[in-house]
Amino acid sequence: MSRLTAGSQSSLREANKGLLVDTIKQFGGLTQVELADATGLSAATVSTLVKQLTESRLVEVRPTSRSGRRAQLVTLARATGLAAGVHVGHRSLRVLLSDFNREIVAEQSMPLPREHPMDTVLDRVALLIVDMLELVASSLDELAGIALGLPAPVDVSTGMLSVRGVLPGWDSEHIGEVMGKRLGRPVYVENDANLGALAQMTFGATHPYADSVYVRASYGTGAGVILGGRLHRGFGGTAGEIGHVQVDPYGHICRCGRRGCLDTVVGAEALLASLQTSHGPLTLRDVITRAVDGDPGCSRVLADAGRTIGRVVAGVCQAVNPQAVCVGGELADAGSVFLAPLAEAVQEHILPNRVAPMEVLASPLRGDEVAKGALVQVLDSTDLFAQGGDGQ
Ligand SMILES: [Zn+2]
């Protein structure tokens, strides 16, 4: 320290302020004592820097209590802005707005038609976001960014789908750019299962683990892989695309152009087709509700799907050896009817590890993990300190 020049002293202080802001962003709100513990900075340094950050209106301090004792809770100031997390599903749209303390300030959902075209959906998303901002007395200027989760592999560097045919009507456009033009704010485009994995790691079932796999069993099936606490996208964003692992060499042709992919067996269309003769036309939601109510045919279809997905997930687990697998998506809403056969198949097909047995967990973030993961994406990608700090 004694050899540091005045310039490097001030850059050290800036770095420490950045560290404090990032830590508060990561944990939501922390007391000054907790901030010192989490950052390794001394209590005196934390106190001085929090005072400076309060003056530059990046953080706010309010009284709280910890273990019955009075303490000062440090949170990010509301003025730091908002984030929009958007989940575009096959049949529904979910939009969440949150502040930088990760508090959800507004939420909206709406159904989407089958095979929805990109332009119409992005128009709806843009309108919804503007409405929701208005609802919380905010505006686009305060929006730090928007993250869009899509049920298709995404090349995040271009914001384009990296495989053609998987999401018809969304193939040829630079989605991030199109959305960016509508709202004039930074846009991040990401695969839905990857965002689910981020949400589970940040505040869901896989939070305690450095290596985990999130499986999203919905109208199609995908997975998000977390390695060493970071999302592993792979070179072109197709890591974890388990919906396109071949499970039947004589099966139907998949949207991706190949034969017998997992999605041709457990995708919504396949599940509904197998119930057509016995049950007539149903929606995926009908099948899940009936299975929960004990309908043997619907239960059987979901149990078989669970087993088939479990075998493929076991292959992923064999490749990356995660500590835990977390399962979410609409099919997981059926509960043990679907999850138990899936977990059983995973355990049956991985090498039994005596040292560290792997866990298969249900998602605690039912229905919201993709939109919440999208919020995490925006919050993590925004450098608040560079944006709002006054450099003092
Ligand atoms: Zn395929």
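This is a predicted model: local features need pLDDT of at least 70, side-chain atom pairs count only at pLDDT 80 or more; totals for chains, interfaces and linings use all residues.

Residues are numbered from 1 along each chain as its sequence is written, and side-chain values use heavy atoms, with hydrogens and water left out.

Select the zinc ion, which is coordinated at 2.0 to 2.3 Å by His 244 (ND1), Cys 254 (SG), Cys 256 (SG) and Cys 261 (SG); donors are N, O and S atoms within 2.8 Å of the metal (3.2 Å for Na, K and Ca), and sites may look incomplete since water is not among the atoms. The spacing of these donor residues in sequence is H-x9-C-x1-C-x4-C. His 244 and Cys 254 both lie in the loop between β13 (230-232) and α7 (262-266), so the pair ties together parts that are 10 residues apart in sequence; helices (H or I, at least four residues) and strands (E, at least two) are DSSP runs, numbered from the N terminus. Both His 244 and Cys 254 are buried, where buried means under 20% relative accessible area, exposed over 50% and partly exposed in between (1.4 Å probe, protein chains only).

Next, select Ser 212, which lies in strand β11 (residues 212-217) and counts as buried at 2% relative accessibility. Beyond its neighbours within four places in sequence, Ser 212 is in contact (heavy atoms within 4.5 Å) with residues including Thr 206, Val 225 and Pro 322.

Finally, select Cys 326, which is buried with a relative accessible area of 0%.
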